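Biologist: I am new to this structure. Please show me how to read it.

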Amino acid sequence: MKQKDFEFQIAFSFAQEDLKIAKAIAAELKRLNITYYLYTEELTIGRDITKETFQVYYEKSLFGLMMISENYIRKNWAIKEREIMQAVDRNVDHPYIIPLRLDDTQVEGLSPTVKYWNWDNNPSYIAISIYQLIYDILNDKQNDSSSNLVNNDTYNTRTLNKFEGNVNDITFNQ
């Protein structure tokens, strides 16, 4: 699957109460030149929000970031987004949904054994992890440890849970 096939590399799905977290991650993604869909930046007056939501999650995005929280599982619109995301099946070797846990809430339809990213109040870590995932997928290097984009092992994406800096503090191989 080629990057050019998608308008957005990642689309956010979250509850309104978690908008501040979504915006923090989006700001870091923007610094990494990752194209993303955040409805607060994309939707305009007069557009059919149901049709637009379906197109974004089903057709226009390489990945969907599901920001899981207690609020997320209770919101009607988030439930619609989740149902669309769970229906995406592109017959590729990578999942479409990237689950990000904001708390310990379980999501109907997602196995509790699925690997999740944890929020840990670190938008840089999430953005860099998304960057690495996209790079690996687009370069067919999902299981190749040599594909790590980060120069310094201290900031290796497998150990970034210790990273508390900003994406500007990291240099990437090109």
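Biologist: What does the accessible surface of the protein come to?

Modeller: Accessible areas come from the Shrake-Rupley method with a 1.4 Å probe, and for residues only the protein chains shown count as cover. Here the protein has about 9700 Å², and 44% of that belongs to carbon and sulfur atoms. This is a predicted model, where local features need pLDDT of at least 70 and side-chain atom pairs count only at pLDDT 80 or more, while totals for chains, interfaces and linings use all residues. Residues are numbered from 1 along each chain as its sequence is written, and side-chain values use heavy atoms, with hydrogens and water left out.

Biologist: How many helices and strands are there in the protein?

Modeller: Helices (H or I, at least four residues) and strands (E, at least two) are DSSP runs, numbered from the N terminus. The protein has six helices and five strands, in the order β-α-β-α-α-β-α-α-β-β-α.

Biologist: Which residues of helix 3 are buried?

Modeller: Buried means under 20% relative accessible area (1.4 Å probe, protein chains only). Of the 174 residues of the protein, 47% are buried; in helix 3 they are Glu52, Thr53, Val56 and Tyr57.

Biologist: Why do they line one face of the helix?

Modeller: An α-helix has 3.6 residues a turn, so residues three or four places apart point the same way. Seen down the axis of helix 3, the buried residues fall within an arc of 115 degrees (taken from the directions from the axis to the C-beta atoms), so they line one face. Their cover includes strand 1 (8–13) and helix 5 (76–87), where contact means heavy atoms within 4.5 Å.

Notes: Buried means under 20% relative accessible area, exposed over 50%, partly exposed in between (1.4 Å probe, protein chains only).
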